[in-house]
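Thank you for making time for this. I would like to walk through one structure, beginning with the folds of the two chains and ending with where they meet.

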Amino acid sequence: MADKDAFIAVYDTQADALFRFALFGVGDRELAKDLVSETFAKVWEYITKGNKTENMKALCYRTLRNLIVDHYRKHKSGSLDGLLEAGFDPIGEDGMDRVENEEDKAMLRRAIGTLPAAIREVVVLRYIEEYSPKEISELLHISQSLVSVRLFRATQLLKKTLHA
Amino acid sequence: MNDPLKQFSILKSEKLTQGERDAMRAKLLTQMDTYSRAHMQHARSSTFGGVLYRYKRGFGFALASVLAVSTGASYAAASALPGDMLYPVKIHVNERIEGAVAINPKASAEFAQKQISRRAFEAEVLAKEDRLDDVKKDQLREGTKMHIDAYTQARAKIERKGEREKVEELESKMRRTIKDHERAFSDMGVVAIVSTSTEDGDDDTPSLEGLRGQRSEFFIRPTPNKDTRFSSSTLNNMNREEIGRPSRLNNEERLRRENRQRENEIKEIIPAKISPVSRGDEEEEEAQADGVQN
């Protein structure tokens with residue numbers, strides 16, 4: 001039987017990081033919360049059925065990533081391109097930013113929003129969550145070289161955007 | 001700075017608020033409990049050993065009988081009722097196998113509806129045979145509650161996908177189920193409410209996003225005759241009706257009274273539970289507020 005306390009501990013430690021991953025993936029705070037909630041429910045269902053996982057964190061990220069992809073497939077009108085056109089701002093006007101570098105953060109959020117989805121998720125994990133490329137490759141189940149390629153592209157794209 | 005992208009780390013401050021985190025945590029705990037309970041029942045019964053385990057407790061003779069007719073037990077269990085020897089086989093083996101093929105939300109919701117209907121039918125048969133005691137009521141109420149939870153979750157998933165036609169189809173079926181078995185639900189302590197929409201949209205019924213008056217609601221009483229959500233007058237009426245009254249006499253009158261009680265309960269419950277303000281109303285209020293400010 002799955003360990004309920006251990007799973008809740010995973011929630012307590014990972015909820016914010018997964019929320020950020022979803023937030024920068026879909027650009028909508030409420031939707032991001034729903035997706036994270038659904039992620040944990042699905043993962044719990046998975047492990048309760050007796051399935052084993054060596055990396056719970058990776059399972060959570062991959063489940064969430066699949067849900068984000070599903071969301072875009074089902075809501076074609078809400079494509080990433082559409083998000084960019086609308087001005088990607090996952091926090092919104094009621095944001096919680098009360099710090100001096102608020103303008104910088106807004107600029108960075110917009111910059112992240114200009115990235116293609118596949119590159120954006122790697123950037124979020126590398127530069128916000130501060131995972132190593134190896135860890136990212138494990139979390140997303142992609143090769144380490146692909147992670148490096150995406151990070152390189154992200155660097156090029158973001159340098160242009162940030163210095164424009 | 002060598003790597004300009006490192007400045008993205010400041011976005012780590014984007015977090016759930018404490019309230020959001022707590023709400024999600026509470027929701028997750030509920031989902032975990034619901035799923036674990038369902039899974040444990042399944043695990044106990046999904047293996048033959050599990051079935052044996054259930055039977056060995058106080059049913060040694062029954063165990064031998066079940067072993068002897070094991071190949072036919074599943075078939076024989078199909079018509080079993082609470083209290084019958086084969087009823088656990090029915091709900092923990094037959095129905096689990098049946099439910100295993102419900103792999104999408106709509107199929108899950110339909111299966112849950114079928115199960116709700118089954119429990120109600122069993123209550124009706126037991127009542128007819130004068131065998132519906134408190135223990136069986138509890139058993140049926142718990143079973144019904146589990147399927148109501150499953151139905152509600154499956155319906156919510158369909159709603160989130162925006163598949164309005166499917167929700168309408170499900171709710172139409174659910175209305176029929178509630179209507180067909182209202183007495184049984186009452187006996188079990190399940191208050192089933194069907195909201196009905198009005199053409200002019202002027203209603204205070206629960207509404208889905210953009211879908212008025214299509215939702216069925218259930219409220220489970222802790223015990224068949226106790227529910228703190230009801231007013232004291234309603235409780236008094238219920239108790240007067242239950243105490244010392246021959247249950248099989250004057251059923252029509254009793255049914256009429258129960259219907260009246262249910263209508264009163266609906267009036268009491270819905271305004272407190274559901275905000276009558278629809279999305280359209282909110283927009284209108286915003287427009288009015290803008291007008292005032294301007």
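Before I name any helix, let me say that helices here are DSSP runs of H or I at least four residues long, numbered from the N terminus. Please also keep in mind that this is a predicted model.

Is A:Leu18 buried or exposed? A residue is called buried if 20 or more other C-beta atoms lie within 10 Å of its own, and A:Leu18 counts as buried because it has 24 C-beta neighbours inside 10 Å. Leaving aside the neighbours within four places in sequence, A:Leu18 is in contact with A:Val36, A:Thr39, A:Cys60 and A:Leu64. For one of these, A:Thr39, which is 21 residues away from A:Leu18 along the chain, the C-alpha atoms of the two residues are separated by 9.1 Å.

Stepping back to the whole of chain A, we find 8 helices and 0 strands, and buried residues make up 35% of its 164 residues. If we take the contacts in chain A with a separation of 6 or more, 61% of them come from residues 24 or more positions apart.

Chain B has 12 helices and 4 strands, and of its 294 residues 25% are buried. Among its contacts between residues at least 6 apart in sequence, 62% join residues at least 24 apart.

Let me return to chain A and look at one helix in detail. The helix α8(A) has 19 residues and reaches 26 Å from its first C-alpha to its last, which is close to the 27 Å expected at 1.5 Å a residue. Which residues of α8(A) are buried? They are A:Val147, A:Arg150, A:Leu151, A:Ala154 and A:Leu158, and because they cover an arc of only 105° around the axis, they sit on the same side of α8(A). On the other side of α8(A), the residues A:Ser145, A:Phe152, A:Gln156 and A:Lys160 are exposed. As background, an α-helix has 3.6 residues a turn, so residues three or four places apart point the same way.

Two backbone details deserve a mention. Most residues other than glycine have a negative phi. A:His141, however, has a positive phi, near 60°, and this residue lies in the loop between α7 (133-140) and α8 of chain A. A:His141 is exposed, because 12 other C-beta atoms lie within 10 Å. In chain B, B:Asp130 likewise has a positive phi of about 60° although it is not a glycine, and its place is the loop between α6 (105-128) and α7 (134-160) of chain B. With 9 C-beta neighbours inside 10 Å, B:Asp130 counts as exposed.

Finally, the place where the chains meet.

Terms used:
Residues numbered from 1 in each chain as written. Chains lettered and ligands numbered in written order. Predicted model: local features only at pLDDT ≥ 70, side-chain atom pairs only at ≥ 80, totals over all residues. Helix = DSSP H or I, 4+ residues; strand = E, 2+ residues; numbered from the N terminus. Contact = placed C-beta atoms within 7 Å. Expected span 1.5 Å × (residues − 1). Arc of directions from axis to C-beta.
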